[in-house]
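Subject: Structure handover

Hi,

Here is the structure I promised to pass on. Have a look at it first, and then read on for what I found.

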Amino acid sequence: MMPMSDEAWMARALRLAERGRYTTMPNPRVGCVLVKDGALVGEGFHMRSGEAHAEIHALAEAGDKTGGATAYVTLEPCSHQGRTGPCCEALIQAGVARVVVAMQDPNPLVAGRGIERMRAAGIQVDVGILEEDAWALNAGFLLRMVQGRPRIRLKMAMSLDGRTAMPSGESQWITGPEARRDVQRLRAESCAILTGVDSIIFDNARLTVRPEQLGEIEGVSVEAIAARQPLRVILDSTLRMPLAAACLVEPGRTLVVTVAGIQSARWAKLEQAGAEILELPAGEDGRVDLAALLSWLAEHEQCNDVLVETGATLAGAMMDAGLVDELRLYLAPTLLGSEARPLLNLGLERMDQQRPLDILDIRAFGKDWRILARPVR
């Protein structure tokens, strides 16, 4: 039998890392495979923040078989002391002969130092195997490290004629249960869910992960996933948030973001109802500066991925500001009519103003279709 290639072993490590998709934030998802004499001797993945990293799980499973082994790791082993010890030192102490790394970690606390320490200890380190796949696995974390902001995914459901809600604002439900299950999983892997206050006023949106709608996920307890609710972020420049909003009494935190200097008697009442209130500078339109909000979420909440579930106004503003990294559009086989609300308020008037998209994936969810797209920069 032909020995497995570096790519094949790294692909296994990436599949392991996927198992931490819902539980590792704000840490990256990482998998590790240990191979000796062409055979698997240990493997592991990072399960959740504060617990052992992937390399430690793999080393523990390998036991006394680590000497002379090759380690395949989806992200550069850490070199700093945090809530756990440096993984590069653990690999050195275990006598590993070679480490294959999918990509260097841009985290300033690591940033090549783990690779340098292992090479200085005499370990052969090869970098760049399945790097694009490794980047895609942790795109939100990597954007936060490189650009100081989370990855923004805009999710919207629309009819076949491109409408999202009736003129009254009523929008539940356009799509079927299969599409809503996919959205629940998207929420579960997000650090925060961002919306405008109108979504709360018209739909009384709860913005929660609901275990009964997740379905079965291999190797993961849906109850454990739902136990970590994403931060709910409500943009409300004039503090119109209803005091009886359902999201204020749901498990987890609700952050109401308003413009700095606003005077409102509702402030104290909202806090008493369960909201946290954050003041941020206003943008040119007098509303909360969106770029400032994303920087704040990255720095203060360590958000890797922010899911935007909102109406046409905020969605259009996010697109206009160039802040959307990915669109998830759920297309239902129904018509809402020309008086219904549009997908995005963009205010385009000429063909040369159109916003091209790269279509990454189209697939069916029950009777609905999901279009995964990326704005062309």
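Before the first item, a word on the annotations: UniProt positions are given in the numbering used here, feature names are shortened, and the annotations may be inferred rather than shown by experiment. Also keep in mind that this is a predicted model.

**The annotated site**

An unreviewed UniProt entry puts the feature "binding site" at His-53, Cys-78 and Cys-87. These positions are spread over 35 residues of sequence, yet they cluster in space, with a largest C-alpha distance of 9.2 Å.

Where does His-53 lie? You'll find His-53 in the loop between β2 (39-45) and α2 (54-62). His-53 counts as buried because its relative accessibility is 18%, and the cut-off for buried is under 20%. Cys-87 belongs to helix α3 (residues 87-93). With a relative accessible area of 1%, Cys-87 is buried too.

**The five-stranded sheet**

Next, the open sheet: five strands in the order β2-β1-β3-β4-β5, with mixed pairing. At the edges sit β2 and β5 (124-127), each pairing on one side only. On average, neighbouring strands here are turned by 15 degrees against each other, direction ignored.

Inside the sheet, four bridges hold strand β1 (residues 31-36) and strand β3 (residues 70-73) in an antiparallel pairing, and Leu-34 stands opposite Ala-71 of β3. Two helices pack on this sheet:

- Helix α1 (residues 6-18) touches β1, β2, β3 and β4 (98-101), and its direction makes about 140 degrees with that of β1.
- Helix α4 (residues 113-120) touches β4 and β5, and its direction makes about 150 degrees with that of β5.

**Further along the chain**

Which residues of helix α13 (residues 312-320) are buried? They are Ala-312, Leu-314, Ala-315, Gly-316, Met-318 and Met-319. In an α-helix, residues three or four places apart point the same way, because there are 3.6 residues a turn. After α13 comes Gly-322, with a positive phi near 70 degrees.

Ala-364 has Trp-369 in β16 as its bridge partner. Two residues lie between β15 and β16, and Gly-366 in the turn has a positive phi of about 65 degrees.

Cheers

Terms used: Residues numbered from 1 in each chain as written. Predicted model: local features only at pLDDT ≥ 70, side-chain atom pairs only at ≥ 80, totals over all residues. Heavy atoms only, no water. Buried < 20%, exposed > 50% of the residue type's maximum accessible area, 1.4 Å probe, protein only. Pairing = 2+ DSSP bridges. Axes fitted to C-alpha atoms, helices over the stretch in contact; angles between N-to-C directions. Contact = heavy atoms within 4.5 Å.
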